[in-house]
Amino acid sequence: SLALGFIPSKGNFIAVDTGRPCLPVFQALLQQGVIVRPIANYGLPNYLRVSIGLESENARFLAALAQVLR
């Protein structure tokens with residue numbers, strides 16, 4: 001379990017708190033082929049906007065995020 005904070009949403013995405021500036025996390029995820037969106041321009045410098053996908057896509061994101069945050 002990554003035990004990360006998040007902002008609940010009623011849409012098809014959540015905002016995940018990476019616990020650190022999100023731009024390097026965003027770039028590392030992109031290098032692994034995982035596309036998310038940094039939302040620092042909304043005053044949330046540690047958050048990534050993550051769309052909810054298929055179970056396999058969500059699992060891939062979580063595995064990549066765990067690797068990036070090590």
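**View 1. The side chain of S9 and the backbone of F13.** A polar atom of the S9 side chain sits 3.0 Å from the backbone oxygen of F13, and the S9 side chain also reaches the backbone nitrogen of G11, at 2.9 Å. Polar contacts here are pairs of N or O atoms within 3.5 Å; within protein, one must be able to donate a hydrogen and the other to accept it, and residues adjacent in sequence count only if both atoms are side-chain atoms. This is a predicted model, where local features need pLDDT of at least 70, side-chain atom pairs count only at pLDDT 80 or more, and totals for chains, interfaces and linings use all residues. Residues are numbered from 1 along each chain as its sequence is written, and side-chain values use heavy atoms, with hydrogens and water left out.

**View 2. Where S9 sits.** Look for S9 in the loop between β1 (6–7) and β2; strands (E, at least two residues) and helices (H or I, at least four) are DSSP runs, numbered from the N terminus. S9 counts as partly exposed because its relative accessibility is 31%, between buried (under 20% relative accessible area) and exposed (over 50%), using a 1.4 Å probe and protein chains only. From S9 to A63 is 54 residues in sequence and 22 Å in space, C-alpha to C-alpha.

**View 3. R49 over the ring of F13.** R49 lies over the face of F13, 3.8 Å from the ring centre. For a charge to sit over a ring, NZ of Lys or CZ of Arg must be within 6 Å of the ring centre and within 35 degrees of the ring normal.
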